[in-house]
Amino acid sequence: MGVCHIEPFEPEELKLFAKRWFLSQDPITAEQRSAEFLQQVSDSRLKDLVRNPLLASIAAVASTREPDLPLPTNRVDLYQRFYDYLVTDEEASGRATPVELRRLEHGQPARYKLAQWVHDHRIEIIDAMAIERLGADTQITDAAYAWVQKNRPTDINLPPGWEEVLDRLLIDTGMFVYESSGLRFLHHTLAEFLAARAHASTIPSDFPKMKEWFERGLKPSERNFVLMTLALWGRVAGNEIELVLRGLLEGGREEALLAGSLLAESETAGVGASRLVVDRLVDLAFGSALDGAHVYTFSSFDSAYRGPIRIAGTMSRVDRVFSIVSLLIGNQYASLRLRELIAGNDIPFIIRLGAVGALSAVATVDEAAQLLHSLSFHADQPMMQAIAAAGLIEMRNGPIGEYERSLIDGALADPRCDSETRAAIADLYMESGNKEEAVAVARIVASDDGAHLSEFRIAAKIIVSDLRDRDQNPKESIRDLFPRMTSTHQAEVTRELFNAGYIEYAHELADAVIADAESSSPALSIAVELRSKESNPGQIEILLSTLKRRPSWDSERSGILTVLMESGAIAPPVEDAVQILRDPSSQPFDIEQAINIWIAGHSSGDVQELMDILAARPYMNAWARANASAALAEGGHLEEAVAIARPVITDPMTDGFDLDRAAAVIRQAPESVQNEAIRSISESILDEEQKRVRSIEVLALLGNSESVPDIALEILQDRTIDDRKFSSVLESLIKACGVSVAERLVTALIDEQVPPLRLFQVADSLATIGALPHAVHLWKHIISSYGLPPLDAFTTLTRLINTDHRRVAINALQMLANDENQNSREIVRARGLLAWLIFSDPTLPPCSACTQEAKEECRICLAINAVT
């Protein structure tokens, strides 16, 4: 089933919504009430919430019903206010339910008695339906019927057709709407709120199953429900939300981000817990920017960072952290930490930009705009100039100004400006209404052989949009606009043409991709999907015949058939799926897609035939088993999925991808099944070292964090273990235990004198989950290591500088340089590094002002003193 996402309101859209809403209420007061509403939501924590169209509607309802009451400042209270209007407040809801009930009193006394009782217990019934809605095992109306049958008093009978009475009363609450299969909630988030409220009241104050709730909260589909449950739990007398926040902070990156989201939802967190969360998020931002801050020195430490680093990838990780910080509206400590980041000269520009963006939400846009303007003078890379310009335009909510244009022009004129930056600028021009400039830059990206596909896609969207707006025939110019197109590029252009309404020409280009025997699989999938749209059954048959004549049909058919099935063009082609599954040469991804097709074509739920086909295959490697088990589990056949996944756990050829997928399936099974999978490792053909490593990997993937640390630390301290196993065990340990194991890990590895290269890897891994103090401790230890090559030392010092710990590095090197027990070579090395640290410090004054009195403040003199 597809998932629809409602785009958030932009400022102008919110203004238009408010204008239309209050105009429909009272045309005379509409302008005043609209202005008051917009002022209220812009001056409070609501300014981010009301970007959500549903929450904006709820806020408007609240403002209309009780104009003299201030609006709630969080989602939970907004939902509660709305729920009260609909369900508990008869007068506010405007319903005539009591009057309607009295009409039954004389003519149908049995129905009246039942209806009156249901009306009095509507809150409990709705809560039961909300809980059932999240379980999704049955229709919510069945849950309502079952609740009434179970809880009705013995003197209340259920007359024929009583279900219709119940349905009518539930519809009358305003919480439900009819659909073909029965009732459904007006919006799924209302069901989440009601279920959260019900669960929060039943969780004990010591929260014994906290870890299970954290795991649910890490799933995107359950995150909002869990956040509301935890926030509501914290409001119950005797409960302390700090218990939950501290528990989350003991985990890894995702748990820390969840703690930030919970802090934004909670109004009961104390100052101490709030500061802990903010500090962890700041540390996480530093860790997220490590790749972007990395400087290649060709040291031995650089082996972990081969290949180009794309700014967009680093920005997305940093942005995600600051998007959470942005939720902490009005948090004074968050504002303080953000201002410190912005002012930090050593801090990577990418973090300072993210901090400015977050400050515009947490504090005021005007302050953030002023700081960003000042910061933009220090943007020394084209992409950073482009991002600064985009931020200024957004914060000032106007057209591109003279200064912003100078930043953009500077970025485009820079010889280092690449296709990634140009695509971002083209997109910025388009968003700002400067279409001519957008198209000009997009055409450069489209003709760049080195452009990444995502950048080409942006360019194609802009160019085709321009063709549509000018009502130009694309056939006349498409080849000139896109001179160097592979099949993948042509498919992307075809998609944009289709979306722009050039259906016939898009089909023509799609046919060309399909006819090209060299077309890539991604291109073919796009072309087939587009060609199947707006095609009749006869055309689909012709399309299939054409596809089957392709020389590589056997290796392509599973993907193509899946595309056609998911687009609704054909029924599940079960016979083709069976052929794929019986073909010994079918690849693991073919097997997974064939299983999905087979399950989609069998509504009975019996998969024995499918399991027999799989059992008859001569061999299924770990990859094939992992994929097959994932498909079976997704299709609702967990027992069969576990049976397929079990051998992956003990297969010597299993890699990390296979193990992740197989363990994810087994983790859904009962605990006894999980324990049996763990025990099977000791009885496998793996050698003893492999058994230890595999046990750690599986325990971590199954969430068994208690059993991981002791064994993992023992392995990590073993200097004879190879690098691959070291990396795997380290990743598993941090995944299972998060920050809670950081202190033990650092102490154990330093005591065991683990080589600097591995300490560096551990430090980076800890930094990426926000355990920055422990990472700093390791980096500090590394630069003090005996015989550390200079380039390795520079790489480590760069880490300390870019995490705003230059002073820590200076102190460590000063101690080393002044250590009389060190040999002269180590002392000279320390002094040289110390001089470099001081020379490169942008905060110290220049030497031109040096005097005897100011000697200790002068970077040149300090450096000379350090060396001599």
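Me: Which side chain does a polar contact of 2.7 Å join to that of Arg-531?

Reply: Let's start with the term: a polar contact is a pair of N or O atoms within 3.5 Å; within protein, one must be able to donate a hydrogen and the other to accept it, and residues adjacent in sequence count only if both atoms are side-chain atoms. Here the partner of Arg-531 is Asp-511, with the two side chains joined at 2.7 Å. Keep in mind that this is a predicted model, in which local features need pLDDT of at least 70 and side-chain atom pairs count only at pLDDT 80 or more, while totals for chains, interfaces and linings use all residues. Residues are numbered from 1 along each chain as its sequence is written, and side-chain values use heavy atoms, with hydrogens and water left out.

Me: Is Arg-531 buried or exposed?

Reply: Buried means under 20% relative accessible area, exposed over 50%, and partly exposed in between (1.4 Å probe, protein chains only). Arg-531 counts as buried because its relative accessibility is 17%. You will find Arg-531 in helix 31, residues 521–532; helices (H or I, at least four residues) and strands (E, at least two) are DSSP runs, numbered from the N terminus.

Me: Which residues is Arg-531 in contact with, leaving aside its neighbours within four places in sequence?

Reply: Contact means heavy atoms within 4.5 Å. For Arg-531, with those neighbours set aside, the list is His-507, Ala-510, Asp-511, Ile-514 and Leu-543.

Me: How do I read a pair of packed helices, and at what angle do helix 15 and helix 17 pack?

Reply: Two packed helices are described by the angle between their axes and the distance between the axes. Axes are lines fitted to C-alpha atoms, for helices over the stretch in contact, and angles run from 0 to 180 degrees between N-to-C directions. Helix 15 (residues 241–249) packs on helix 17 (residues 271–288) at about 25°, with the axes 10 Å apart. That angle makes the two helices roughly parallel (under 35 degrees; over 145 is roughly antiparallel, 65 to 115 roughly perpendicular and the rest oblique).

Me: Which residues of helix 15 and helix 17 make the contact?

Reply: Helix 15 brings Glu-242, Leu-245, Arg-246 and Leu-249, and helix 17 brings Ala-273, Leu-276, Val-277 and Arg-280. By class, five of these contact residues are nonpolar, none polar and three charged. For the classes, Ala, Val, Leu, Ile, Met, Phe, Trp, Tyr, Cys and Pro count as nonpolar, Asp, Glu, Lys and Arg as charged, and the others, Gly among them, as polar.

Me: At what angle do helix 34 and helix 35 pack?

Reply: Helix 34 (residues 574–582) and helix 35 (residues 588–600) pack at about 145°, with axes 9 Å apart. Their contact has ten nonpolar, no polar and one charged residues. The buried residues of helix 34 are Val-574, Asp-576, Ala-577, Val-578, Ile-580 and Leu-581, and their cover includes helix 33 (553–566), helix 35 and helix 36 (608–615).

Me: What does the side chain of Thr-795 reach at 3.0 Å?

Reply: The side chain of Thr-795 reaches the backbone oxygen of Leu-791. Thr-795 sits in helix 47 (residues 790–802) and is buried, with a relative accessible area of 2%.

Me: How many helices and strands are there in the protein?

Reply: There are 50 helices and two strands. Of its 868 residues, 51% count as buried.
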